[in-house]
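Here are a few friendly notes to read alongside the model. Keep the structure open as you go, and find each residue as it comes up.

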Amino acid sequence: MEKVPNRRQSLQGETFDGEIVRLAYTIARKLYRCPGCRESVAIGTEHTLVQYLSADPPFHQHWHRQCAVSALVPELKTSRVVPAN
C-alpha cells in the first residue's frame, strides 16, 4: 500500500524531532499557501492537510501533495497508515 494520503487513508507518524503529525487528503475550499514551496494551493485542488497533533495547541497546514510527500514523509522516523477521517 502506498504511504501517502488519499480518500481512504491518512498517514500518521513521528518526526525525528518527536512531533506527532497526521497527513490527510483534502480538497481546498479556499486559497492556501503551501509552506513547502510557498506557492498557492488553489480552490478545488486536491492537497494534503498536515496536522501537528503534539503541538500545544495543535495546528495544521495545507501543503501541495507532492511537497508534503517529498519534504515531510522522509522526515518521519515512524509512520503508519490510518483510516481517513
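1. A residue counts as buried when its relative accessible area is under 20%, and as exposed when the value is over 50%, with partly exposed in between. Please keep in mind throughout that this is a predicted model.

2. Y52 has a relative accessible area of 10%, so Y52 is buried. F59 comes out at 40% relative accessibility and therefore counts as partly exposed.

3. Those two residues also meet through their rings. A pair of aromatic rings is described by the distance of the centres and the angle of the planes. The count of aromatic pairs here comes to one. In that pair, the ring centres of Y52 and F59 are 4.5 Å apart and the planes make an angle of 15°, so the pair is stacked. The reasoning step is that planes under 30 degrees apart count as stacked.

4. Now have a look at H47, which sits in strand 5, spanning residues 46–52. Is H47 buried or exposed? Its relative accessibility is 1%, so H47 counts as buried.

5. What surrounds H47? Beyond its neighbours within four places in sequence, H47 is in contact with several residues, including Y25, Y32, V41 and W63. A28 is also on that list, and although A28 and H47 are 19 residues apart along the chain, their C-alpha atoms are separated by 7.0 Å.

6. The side chain of H47 has polar partners too. It makes a polar contact with the side chain of H62, at 2.8 Å.

7. Finally, turn to the empty space. Rolling a probe the size of a water molecule over the atoms shows where such space is left. The largest pocket holds about 170 Å³. Y52 returns here as one of the lining residues, and among the others are F16, D17, V50 and L72. By class, the lining has six nonpolar, three charged and one polar residue.

Note on methods:
Residues numbered from 1 in each chain as written. Predicted model: local features only at pLDDT ≥ 70, side-chain atom pairs only at ≥ 80, totals over all residues. Heavy atoms only, no water. Helix = DSSP H or I, 4+ residues; strand = E, 2+ residues; numbered from the N terminus. Buried < 20%, exposed > 50% of the residue type's maximum accessible area, 1.4 Å probe, protein only. Contact = heavy atoms within 4.5 Å. Polar contact = N/O pair within 3.5 Å; in protein donor to acceptor, adjacent residues only side chain to side chain. Phe/Tyr/Trp six-rings, centres within 6.5 Å; stacked < 30°, edge-to-face > 60°. 1 Å grid on protein atoms, 1.4 Å probe; cavity = no way out; pocket = protein on both sides within 12 Å on 5 of 7 lines; lining within 4 Å. Points joined across faces, edges and corners; volume = space filled by probe spheres on them. Nonpolar A, V, L, I, M, F, W, Y, C, P; charged D, E, K, R; others polar.
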